[in-house]
Amino acid sequence: MSEQSTDLRETVRQRYAAAAVKVTEGGTACCGPQPVEVDENFGSTLYAADERDTLPAEAVAASLGCGNPTAVAELREGERVLDLGSGGGIDVLLSARRVGPTGKAYGLDMTEEMLALALANAEKAGATNVEFLKGAIEAVPLPANTIDVVISNCVINLSTDKPAVFAETFRVLKPGGRMGVSDVVADDALTSGQRAERGDYVGCIAGALSFAEYRTGLEAAGFTNIEITPTHPVADGMHSAIVRATKPLATETQTEVTQSADACCGVNSCCTSVETAADPALTVTEAKAASGCGCQD
């Protein structure tokens, strides 16, 4: 990681650590914690009132996102969900309720202060099907092919290595798994310098991708069924957007493996009752012998 990237990550960490401390200290006051101020395009007001009312006040106050990913991820009973950059835990707690006791919601965050706040909020909410992990979204500390849904709320745009985030998201998802995130996306016409200027205005947006760049990045990681839908502007030429994508089933890979196995012995339908030589001039035995394949029966 370059020195500039390291500095930028530290700036992000400090900002979110300060937000967590503000909420924690506010929770000890007589009137409870006050929401961390951003503007009308970010924060807890993007959640329905009935959702906010069911959660600890500290989880709601610490919300710094640009959307509500749990409302678009179509979570189902029994699913395993991962929230990238889980902050105070609002999306993890909402996800845990949607997947029920047979499911599980993971939260991943790099900030000690936010993790401590999230754990306290989970205890207050009585959530038993949640787990918070310390780590970076560019290196998720979970095994491959174990997660049904990945969500995130205005965090991927903060990463200095978005290809790594997309690759890690793809890795941990099960075949057929999906991502449903809220993020900040820039118009394709904006240069990186223009985005940086608007990022300072919005508040700590470290290089949001354009619509085309976002799509290209997801495709390069292997995702299909990509949809990027803007929901509301957050600055001139920059939007909060819902991003959906799917990790394809392994059918194509399985077909390729089967075809390779068929051809390896110089026969079709190798080692079955209907096998035939790929070369009509040879018998099955001759074809297998000529190929050098170990399947000689």
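A residue is treated here as buried when its relative accessible area is under 20%, as exposed when that area is over 50%, and as partly exposed in between, with a 1.4 Å probe and protein chains only. The structure is a predicted model, in which local features need pLDDT of at least 70 and side-chain atom pairs count only at pLDDT 80 or more, whereas totals for chains, interfaces and linings use all residues. Residues are numbered from 1 along each chain as its sequence is written, and side-chain values use heavy atoms, with hydrogens and water left out.

The protein contains 10 helices and 9 strands, these elements being DSSP runs numbered from the N terminus (helices H or I, at least four residues; strands E, at least two). Of its 297 residues, 49% count as buried, and the accessible surface, computed by the Shrake-Rupley method with a 1.4 Å probe, comes to about 13,900 Å², of which 53% belongs to carbon and sulfur atoms. With a contact defined as heavy atoms within 4.5 Å, 68% of the contacts between residues at least 6 apart in sequence join residues at least 24 apart.

Strands S6 (residues 224–235) and S7 (residues 238–246) run antiparallel and are joined by 8 bridges, where pairing requires that DSSP find at least two bridges between two strands. Within this pairing Ile228 stands opposite Val243 in S7, and in the hairpin, which has 2 residues between the strands, Gly237 adopts a positive phi near 80°. Ile226, also a residue of S6, is buried because its relative accessible area is 11%. Its C-alpha atom is separated by 7.4 Å from that of Val243, 17 residues apart along the chain. Beyond the neighbours within four places in sequence, Ile226 is in contact with Arg215, Leu218, Glu219, Arg244 and Ala245.

The structure holds 2 aromatic pairs, identified from rings of Phe, Tyr and Trp (its six-membered ring) whose centres lie within 6.5 Å, with planes under 30 degrees apart counted as stacked, over 60 as edge-to-face and the rest as tilted. Phe166 and Tyr214 form a tilted pair, at 5.3 Å centre to centre and 45° between the planes. This pair links distant parts of the chain, Phe166 being in helix H6 (residues 162–172) and Tyr214 in helix H8 (residues 211–221), 48 residues apart; both Phe166 and Tyr214 are buried. The ring centres of Phe170 and Phe223 are 5.2 Å apart with planes at 90°, and the pair is therefore edge-to-face. Because Phe170 lies in H6 and Phe223 in the loop between H8 and S6, the pair ties together parts that are 53 residues apart in sequence. Phe170 and Phe223 are likewise buried.

In helix H4 (residues 90–99), 8 of the 10 residues are buried, so the helix is largely enclosed by the rest of the structure. The buried residues of H4 are Ile90, Asp91, Val92, Leu93, Leu94, Ser95, Ala96 and Val99, and the helix is followed by Gly100, whose phi is positive, near 75°. Asn157, located in the loop between strand S4 (147–153) and H6, counts as buried at 1% relative accessibility.
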